[in-house]
Amino acid sequence: MVGTDSARGAGLLGERALARTVSAGLCALALALLSATTATATATARADASPTAPVPSSAPEADPCTSTSLAAARVSTTVRLEHRDRTFSKIVSELRVEVPGTWPLAGDLLLSENSERYVRAMSCLSRPEPGQHRRWHERRSGPPIVSSSGDGGVTVVDRTHSWVNAYREHLDVGVWRIRAGAERWTLALRPPTALKDAHWHRITVDPGGPGAHSARPRPDGGSATAALVWRPPAPEGHMEHEAVRGSRPDGDGKTAKAGKTRVAEPERERAGSEPPPAVTVSLEPPWQRSWAAQSDRLVAVGLDRAAALFGTAVIAALLLYAHVLYRRRPAVPTAAQERTLHNLAVWAVALVGLAALTLSDDVLARYADRWAGGLWQDVQTVRVHAFALGAAAVLFCTARPTPRIWRAGALLTLPPVVVAAWPHGLGLYVPRSAPYEASVTALLAQALAAWCLLALTLLGFVAAAWRLATDGGLLPTSRRFPGRTRVLRLRIAGPVILVWSVVVAVCWALTQEREWQRAAWLSDRTDPLFGVEHRNDFVWETMWSAANAQDWLIWCTWLLSAVAILAVLRTWRPPTGPSPAGPSPAGPSPAGLSPAGLSPLDAPADRLLLLTFFAHVVALVGGYFLSSSLLTPLWIPLSAFALYGTVALFTGRSVLAQPFERSGRPLAESADPAARAVLLEKSRSYREIHAELRRLDQGMFGDVPPKRIDLERRLNALHDWPAGGGADRLPAGVSVVDGALALGPRDDWWANGSRCARLSLVPAVPASLLMTWAWKVSGEAWQSTLQNHFGLPDVLLEFVFWMATWTGAAFVMGTLWRHLPGRRGAAKALPVTVAFALPVGVDVLVYRFTGESTASLALSVSTMLLVLTVTGIGVDFDTFRGERRYWQSRLGLLLSVYQMRYYSLQVAYLIAQVIALITIWEFLATPDATPRQPGPK
């Protein structure tokens, strides 16, 4: 994404001009962003203060909802708890109100949802009383359904839902309130004040399995394992009203006695009505849902973060031990090897430091909330900025960038430091004994500081990745100065980072405004308190966005780990040359590879790094059950052992493990570039002779047909192999084509792995789009994406995650190509897919035990097999790429390599995989849209 150059001769004047340009760009972009995000809050505040704003009367209205007119309303409500196939129990509430036409606010329900009159009328029906309401947990899939009837009445159906993911906290969902305790949950009906005189003709509670423990008052119907039903008796006036509705018209088409009993008098309604029953249901949820609901307790959060930190420490320990193993090699390391090994050790330490800073930050915040009632905003700002600057410093120390990058980082550090050190002057100091009202200056200062921390972290991340990649030779050298490494240039990388930071900030601001409007939807917007709380909440959330954005970015540190590992594997790979052990007993081999050159599994240090790469980069993150990471560290060795065990189990069945007929030596001892060139040349002759034999069998020959015995003699001669002390022969079951395909398209395991990774990019793009759609867009996942402050940018990171997963798996398959069983590339994809699927299978088994969703896991395994299969076929084709000029199309060359029988099998195999993928997508890929665990608010 960023361009570079190796020129380093810029003068002081150019550097100062660059600094001024970056500074001006930062300020301009930040002010433009902040103006857009505060438009809604400032507009609301100005509207409240304008002369045209509605002014309340001097005498307050006793009953703004005119509840007496709602005495003739009919109300029913249903609440349902869903425990199956999800981490947190889902609570779904429905309120149905049949509003009579005599209610003065009935017509307001037909107005726009943003109308103040609509908000006032709807709040009367679904809130305890009009005023200010902040329901952060309550969510709706759509606005309430409002329909009018012929007699002027209106029917309102309000459906809401939420998740029970807070411990010992009251969650209001519609007209219901739920509280999750350690052993039992309590569900209570909280009817709006305006509907207390209405007729609640049906109240239904479905507690889900295993059912309700107790219920007050005694229900009128239902059972312990089904929904409980209350049917309060209707007052006399309502009964007459029902009789009129149920009467049949007379012969003139008019309802008999309609004029006498159409609507009962309000006095009579009030005299015969009773308040709705105070329904309270106690239930013992499944232990899995109870544990998940307690995941926000301080002890649970501490254990979760400790487990995550331990998992990071395991990865760091593996990297450091690989560093020790490389140091034990007898050969003197080159300068490039020294640099990459030093970077690996530095990054291992930095990885633990970053995890400690980001994870402990959250624990300390919750500890302060638990024991000190939370920290004041100005104190919280100092703590958040200190941890964020510490994490950025770790990235910059890892990167060791140029002085220009350091100066740009120092410039981005100034706003957060000023905001943390001078809260009084910026309006961020919260009075300890007086109400606080955030100013526009406070919002601008806090937003600028948070945005600069985001850009600073991004700059440190890019600089660290650049350092690890250039030291390992993973990037091409400079085109302007051949032979010199590329340098990260701020004039190109800076604008890219600034634009990405602005995009993330805009998405965050839009989501924050959307969440505020959702939570405060039915609040009184004419009250000046609405605008004050709106700005206060925006400032508070902006302060927290600095830490949350950094946590979101630090999650991607596995990309830096991947770059560090690949750099070491590339520079420390063994040379392709004769074996240092000397000639074998059968005589000196014309071409013998060192055992360490066959695959990275043959050298302890390379093996450890490759297994760590697979577990940390390729394998899916497992062990996350019931909203806890306690078991996640176990999945690291599980994934590593799955790959090693799967490959080691079938290594003896690989082509290169087969012995020569005479000497008994394995074919792997002759797997060097010279042997590969001989096999490629013989393979062409082998296929040409077989083509002549097919034409001879079909009678397709010229005037002088070839003799079969001559063709068979030529085929037999192709199996001869030169060796010290006489000619050897290939095994009877291995052809020269099999041998050439077993060696792969390149001369060593690193080149094979790199080539496989490049070839996998073609199938990886649609596969990544498919998985991104399944996890972030499909079904309820889209609602979860929109609710996340970084949900929209996270869609792009999800795509990058899956691209790295597919290409990383292809790289592993390429490095192990000569060890994998199978004669064709499609078969070699199976062991790597099995290693990828084994930890996923363990996840599925545990998910079944905990009752959580397993959606899209089978889809990921099926997609992995398809991507690796297509990549394997591409590798087979690429092995004979030198013959491409002799064929009219790639398909013709592929038919020549595979022959018709193998080609038909590969096509049928691919079609079966596509059908399986479509079937899994149709029936199994339904993601569970579980919200993120709420942080300290």
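**Briefing: fold, hairpin and a helix pair**

Among contacts (heavy atoms within 4.5 Å) in the protein between residues at least 6 apart in sequence, 77% join residues at least 24 apart. The model is predicted: local features need pLDDT of at least 70, side-chain atom pairs count only at pLDDT 80 or more, and totals for chains, interfaces and linings use all residues. Residues are numbered from 1 along each chain as its sequence is written, and side-chain values use heavy atoms, without hydrogens and water.

**Overall**
- The protein has 27 helices and 13 strands; helices (H or I, at least four residues) and strands (E, at least two) are DSSP runs numbered from the N terminus.
- Of its 937 residues, 52% count as buried, meaning under 20% relative accessible area with a 1.4 Å probe, protein chains only.

- Strands β3 (residues 145-148) and β4 (residues 154-163) run antiparallel, joined by four bridges; pairing takes at least two DSSP bridges.
- S147 stands opposite T155 in β4.
- Five residues lie between β3 and β4 in this hairpin, and G152 in the turn has a positive phi of about 90 degrees.

**Helices α12 and α14**
- The axes of α12 (residues 440-471) and α14 (residues 528-554) come within 8 Å and cross at roughly 5 degrees; axes are lines fitted to C-alpha atoms over the stretch in contact, with angles from 0 to 180 degrees between N-to-C directions.
- The two helices α12 and α14 are therefore roughly parallel, a term for angles under 35 degrees.
- The contact includes L443 and F461 of α12 and F538 and L553 of α14.
- Residues of this contact divide into 14 nonpolar, five polar and no charged.

Definitions and conventions. Buried < 20%, exposed > 50% of the residue type's maximum accessible area, 1.4 Å probe, protein only. Parallel < 35°, antiparallel > 145°, perpendicular 65-115°, else oblique. Nonpolar A, V, L, I, M, F, W, Y, C, P; charged D, E, K, R; others polar.
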